[in-house]
Each structure stands twice: as C-alpha cells, then as structure tokens.
Amino acid sequence: MTVLLKPQKLVDAKVREFSMLIDGKWVEGIEAGTIERVAPGHGVTVSRYKAATKDDAVKAIAAARKAFDHGLWPRMTASERSNILLKAADMIAARADELAYLDAIEAGKPITQVQGEIAGAADIWRYAAALARDLHGESYNTLSEGTLGVVLREAVGVVSIITPWNFPFLIVSQKLPFALAAGCTAVVKPSELTSGSTLVLGEILMEAGVPAGVVNILAGTGAAVGATMTGHPDVDMVSFTGSTGIGRLTMENASKTLKKVSLELGGKNPQIVFPDADLDAFVDAAVFGAYFNAGECCNAGSRLILHRDIADDVTTRVAALSQKVKVGDPLDPSTQVGAIITPQHLEKVQGYVSAAAGSGANVALGGSHIDFGFGQYMAPTILSGVKPEMAVAREEVFGPVLSVLTFETAEDAVRIANSVDYGLSASVWSRDFDTCLTIGRKVRAGTIWMNTFMDGAAELPFGGYRQSGLGRELGRHAVEDYTETKTLNMHIGARTGWWMPR
Ligand code: NAD
C-alpha cells in the first residue's frame, strides 16, 4: 500500500494576482485577459495572471530590443553586471519561502523538494555572476609578423526564453542569469500553468538594479506569445525548454530568420544494472529516479534495464520500496510525490499504463489514480515484462511509471538504451570500473551517471543528444552560448597589396 498524505483543500484563501512586466513597468496587457491557475493538488484557484497576447509580446520584444541597442546593460562593465546578479541571488534566497510556496501550489510539487530547487537556483545565479567576469575571447600573436588576430565575444542580443511547468523557477535560472551575464536582454515566457515564481523573479530583478526593458516577463499561451517570441525578426536567439514536439516547432519558426536556437527537450532515460552492482544503492536510486517530481521530469529514470539474472529480485525490491513512498499534499513537508499537473495529463499517463497492460506488460505495482476528492494524484506504478518496442518503453510518459526491461549481454544493454529517439541522460551500475566506462562511452546521452542518479551541479553541463535537444546549459561555457564571436584581423606595419610593388 502506498503511504497517502491527504491534502487540505483550503491551501490558503488568498488568490495571488500577477501583472506582466514590460519595459520596467507592471502592466495589465492590451486585452487585460486573465489566466487562472487551479492548484493540481488542492483543486482551488491559487493564482491569476494577466494573459499576454501577441501584441503584448511584440511590445516586450521592442522593449528588449531598445534596451539592447541603446541601453546601459550591454555597455556596463562585467563587474557591474556581476554585482547585480549577486544581489539578485541574495534576494532569491531571502524570498525562498515565497518562491517555493508558489511552485509547490501551482505545480503540485512537494514543498521540501522545491525548497531545495530554490536554493539550487540561487546558487546558479551566483555561478553565472562569477562567469560574467570571466567572459573573454582569444588572441593570436603567432600568425605572422604583420598579423594580430583577436577573437571577441559579444552578447548575441535579444533572447526569447521559454520554460515548461515542471521546474518553473529552476529552469528559468538555468537560462536567464547566463544571458544577463553575457549582456543580453530578454523576453521570458514561463508556462501558462506555473508563471507565479517567474513573475516574482521580475520584481527581484527590478529591485536588484536590472534596468527597465532588460528583462520582460509575460504569462501567456504558447500559440499566442511563444510563437511570436520564436518567430519575430527582432529576436536574435531562442532558448527553449519543453517537449520535443514544441521544440521542433520552435526550431521551424526560428529558422525563418535563422536565429540561434538552444533546445532542452524530453528524455527516456535508462538505468542499466549489472549483477555486481551495489543493489541496495541502486534500488533507492531506482525509486528516486522514477518518482521524483511525480515522474514529471525530463531526467526521470523511467526505464530500468536489468541484467536477466537479477531482474526478478531487483523488481521485487524496487516494488517493496516504492510502496513506502509518501504521496499526497504538496505542502506537507514529509510528502515525496505530489500531484499531477492537470487532469488531462493524468489521463494521458494512465493511457500509457493501460496500453502497456493491453500489449502484455504486467502491472507489478499501482497503475491507477489516487482519489482524495479533489486534485489529481497517481500511485507509483511499476510495469514489468516491458518490451523495447512498446510505447511505454520508447516515449516520454512524464508520470510516476517505471518500465522494467531485461538484457543478457553488455551489447544488448547498450542497444536497448540507444534504441529510442532520446538521449538526455543514463546511468550505469556496476562495481567494475571497466564496465561503467565502457557502457558510459557507448550510450548516446548528454549525461551518464555511474553508480548514482540525477546528481548535478552548476559547474556541470547539461543537455541532450539527438531528439533530447541542441546545445548545453550550465557549466563554464554557459555564458558563451549567449554570445557571438567577432574576429578582429589586424595588420601591423606596411601592407604588401595585390597591386602594390613587391
Ligand atoms: P511544452 O512543450 O508543452 O511547453 C513548454 C513551453 O513552450 C511552455 O511555456 C509553452 O507555453 C510553450 N509553447 C507551447 N506551444 C508553443 C509554441 N507553438 N511556440 C512557442 N512556445 C510554445 O512542455 P511542458 O509540457 O510545459 O513541459 C514538459 C516537457 O518539457 C517534457 O517533454 C520535458 O521532458 C521537457 N523538459 C525538458 C528539460 C530539459 O532540460 N531537457 C527540462 C524540463 C522539462
């Protein structure tokens, strides 16, 4: 039996109201329409954002363009920009409780988990502040006696930043501080389901000293606002995190004006386990990887690829531990798995489970929703006997559903791991160093964990191979992604020209 923590329906009576930030002012938008957010864990309206339209997006892009072409931000010293980013980081830390509460109620995420995400986000802002001061180009003094080559790094310009609902504050923090560190200006569109914490970030940035127009933030739909932000000719770069389908649309739209594009997309991440692994450690990581953020995580370890000799034993142990996972009120500090983002998404996740069962997979645990009378929740679910060709083994389910597959040889394991369209992350479990490195080199994914799962740090680049994305976030090159290079090729002394006497 899953441990259930029944939510309190009346989260707190207050509905938070948000405007949009354009050119340093909080405004209602041209049509003054609204988006209501009903808390997925509590079934009551908790936030109301002013809904931006296409015309609001055009105004926000114009403000960002003006701030980039004529404003102070790209012309400040790196140290001045860095100090403002550090101040923002301190203010994020000071308002951490409010930010965590907003993400917990709007996204249905466990409050203790989100507190960790906000602390991690503040750390990323500090890291970006440090990188701002280290952004530099290259020089070549060895090309010839009469030549000096200098390669400059210049801010790319106006960046459209589009984020999903599953890690609202963390993901905007993987993009915006690096764009700002480089001297760019931005239009930011959080998911229309979870815009609250990103709008609070707007208040923080204004107070920290980011000049008007440098950061503009709009709540709005992808079709109206997102499509404008990805297609508008005054935008120089699009940084998008979301589904592979919308990522593809984003790239198509941006291709009309050949914008620089960075994409962080879906995943179907394998955990490959050999018989000599520390199985106690693995069982814990399997449960964490599958149910963290209710499985609504690009990095979810949703495919266990277990060696045939240990598959039954490990599946039984993973199922036993899965039953101890605490599911329920996102605001209860002991909750480990909160709510599912929308009723439609819950239906989609359940559709995957019934289709897999219909094709011969065994529902070894869970499989159904949990009825608290309001909100939408799903029990931790394990499907065994899954075949690599089933949709549940190939597609991103984005719910608390774990598929168990088996392998016989290391080559099989690699083939199964690489047999999907995605390549975001993977893990390999073995006490043998050679096994870990051999598998780690052959699996095509942006991050390979060895004897651990879903660890990360601001210093470590993150992103996907193949249809999991394009480009990398974080790491010491993260600021460079928001730059163009310019070559200065200089001549020293008298020039011997084509028509000049030699
Ligand atoms: P989504 O693609 O539906 O939406 C993402 C964002 O795109 C939202 O802000 C949405 O409003 C906007 N959007 C929708 N249509 C658009 C359009 N036509 N043009 C421009 N923007 C548009 O994704 P989601 O459901 O919010 O998030 C879940 C997805 O995000 C999953 O696939 C997950 O794997 C992925 N994700 C990836 C990473 C990563 O780092 N690789 C991290 C988190 C989430």
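**Helix packing and domains**

Analyst: Helix H8 (residues 222–231) and helix H9 (residues 244–255) have axes that come within 7 Å and cross at roughly 45°. This is a predicted model.

User: Which residues make the contact?

Analyst: On H8, Ala-227, Thr-230 and Gly-231; on H9, Thr-250, Asn-253 and Ala-254.

User: And by class, what does the contact of H8 with H9 have?

Analyst: There are 4 polar and 2 nonpolar residues, and no charged ones.

User: Switching to H2. At what angle do the axes of H2 and H4 cross?

Analyst: Roughly 170°, and the axes of H2 and helix H4 (residues 111–132) come within 8 Å. The two helices are therefore roughly antiparallel to each other.

User: Which residues are involved there?

Analyst: H2 contributes Ala-78, Ser-82, Leu-85, Leu-86, Ala-88, Ala-89, Asp-90, Ile-92 and Ala-93. From H4 come Ile-118, Ala-122, Trp-125, Arg-126, Ala-128, Ala-129, Ala-130 and Ala-132.

User: How do the residues of that contact divide by class?

Analyst: Between H2 and H4, 14 are nonpolar, 1 is polar and 2 are charged.

User: What about H2 and H7, how do their axes cross?

Analyst: Helix H2 (residues 78–94) and helix H7 (residues 196–208) cross at roughly 135°, with axes that come within 9 Å. H2 and H7 are therefore oblique to each other.

User: Left-handed or right-handed crossing?

Analyst: H2 passes H7 in a right-handed crossing.

User: Which residues meet?

Analyst: Ile-84, Lys-87, Ala-88, Met-91 and Ile-92 are the H2 residues. Their partners in H7 are Leu-201, Ile-204, Leu-205, Glu-207 and Ala-208. This contact of H2 with H7 has 8 nonpolar and 2 charged residues, with no polar ones.

User: OK, domains. Where are the bounds of domain 1 and domain 2?

Analyst: Domain 1 covers 8–265 + 468–486, and domain 2 covers 270–450.

User: How far apart do their C-alpha centres lie?

Analyst: The centres of domain 1 and domain 2 are 31 Å apart.

User: And how many residues are in contact?

Analyst: 29 residues of domain 1 contact 28 residues of domain 2.

User: What area is buried between domain 1 and domain 2?

Analyst: About 2100 Å² is buried between the two domains. Carbon and sulfur atoms give 60% of that area.

Definitions and conventions
Residues numbered from 1 in each chain as written. Predicted model: local features only at pLDDT ≥ 70, side-chain atom pairs only at ≥ 80, totals over all residues. Heavy atoms only, no water. Axes fitted to C-alpha atoms, helices over the stretch in contact; angles between N-to-C directions. Helix = DSSP H or I, 4+ residues; strand = E, 2+ residues; numbered from the N terminus. Parallel < 35°, antiparallel > 145°, perpendicular 65-115°, else oblique. Left-handed = near helix turned anticlockwise from the far one by under 90°. Contact = heavy atoms within 4.5 Å. Nonpolar A, V, L, I, M, F, W, Y, C, P; charged D, E, K, R; others polar. Domains from an automatic or database assignment. Buried area = accessible area lost by both parts, 1.4 Å probe.
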